[in-house]
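Visitor: Please take one part of this model and go through it closely. I would like to follow the strand pairing and the side-chain contacts around it.

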Amino acid sequence: MTLLIARILIWNVYDSKTSLDELREHLPALPDGDRWISNDVQKRFGLIAFGDELPDLGEVPRLLGKEPDVAEEFDVE
């Protein structure tokens with residue numbers, strides 16, 4: 001049985017170098033099934049990705065200027 005891995009990355013944008021609007025302007029396309037996520041009220045931004053590796057995050061890490069505040073892996077049931 002092959003396991004599918006789900007990865008969740010979340011950044012707190014309020015203490016980063018950018019805004020959610022600026023991030024949205026620079027988001028790279030993601031593979032099918034992966035999704036960018038955001039919460040405007042809490043100023044949080046993230047990614048839900050499936051597979052063995054993270055997709056190319058493009059300019060996102062540079063714009064945020066920091067590693068994700070949350071980075072977790074899950075086995076997909």
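Guide: What follows starts with the strands, then moves to the rings, the charges and the surface.

This is a predicted model: local features need pLDDT of at least 70, side-chain atom pairs count only at pLDDT 80 or more, and totals for chains, interfaces and linings use all residues. Residues are numbered from 1 along each chain as its sequence is written, and side-chain values use heavy atoms, with hydrogens and water left out.

Start with E1. Strands here are DSSP runs of E with at least two residues, helices are runs of H or I with at least four, and both are numbered from the N terminus. Seven of the nine residues of E1 are buried, so the rest of the structure largely encloses this strand. Buried means under 20% relative accessible area, exposed means over 50%, and partly exposed lies in between (1.4 Å probe, protein chains only).

Seven bridges join E1 to E4, and the two run antiparallel. Strands pair if DSSP finds at least two bridges between them. Across from leucine 9 stands alanine 71 of E4. With E3, E1 pairs in the antiparallel sense, over seven bridges. There, isoleucine 8 has isoleucine 48 of E3 opposite.

Arginine 35 stands opposite isoleucine 48 in E3. E2 and E3 run antiparallel and are joined by five bridges. Their hairpin has four residues between the strands, and lysine 43 takes a positive phi near 55° there.

Now the rings. The structure holds two aromatic pairs. Tryptophan 11 and phenylalanine 45 form a tilted one, 6.2 Å centre to centre with 35° between the planes. Rings of Phe, Tyr and Trp (its six-membered ring) pair if their centres lie within 6.5 Å; planes under 30 degrees apart are stacked, over 60 edge-to-face, and the rest tilted. This pair links distant parts of the chain: tryptophan 11 sits in E1 and phenylalanine 45 in E3, 34 residues apart. Tryptophan 11 is buried because its relative accessibility is 1%. Phenylalanine 45 is buried too, with a relative accessible area of 3%. Tryptophan 36 and phenylalanine 45 make a stacked pair, 5.4 Å centre to centre with 20° between the planes. Tryptophan 36 is likewise buried. Together, Trp11, Trp36 and Phe45 form one aromatic cluster.

Next, the charges. Which side chain meets arginine 7 in a salt bridge? Glutamate 73 does, at 3.1 Å, N to O. A salt bridge is a side-chain nitrogen of Lys or Arg within 4 Å of a carboxyl oxygen of Asp or Glu. The two partners differ in cover. Arginine 7 counts as buried because its relative accessibility is 12%. Glutamate 73 counts as exposed because its value is 54%.

A search of the whole structure finds six salt bridges. Arginine 24 takes part in a salt bridge with aspartate 40, whose closest N and O atoms are 2.6 Å apart. That pair also links distant parts of the chain: arginine 24 is in helix H1 and aspartate 40 in the loop between E2 (35–39) and E3 (44–50), 16 residues apart. Aspartate 40 is partly exposed, at 48%. Arginine 24 is partly exposed as well, at 35%. The side chain of arginine 24 also meets aspartate 21 in a salt bridge, 3.2 Å from N to O. Both lie in helix H1 (residues 20–25), three residues apart, about one turn of the helix. Aspartate 21 is exposed, at 53%. Elsewhere, Asp15, Lys66 and Asp69 are linked in a network of salt bridges.

Leu4, Phe50 and Val76 make a nonpolar patch of about 220 Å². Patches are made of residues with over 30% relative accessible area and no salt bridge; like charges are joined within 9 Å, nonpolar side chains (Val, Leu, Ile, Met, Phe, Trp, Tyr) within 5 Å. The areas come from the Shrake-Rupley method with a 1.4 Å probe; for residues, only the protein chains shown count as cover. Valine 76 belongs to strand E4 (residues 70–76). Valine 76 counts as partly exposed because its relative accessibility is 32%.
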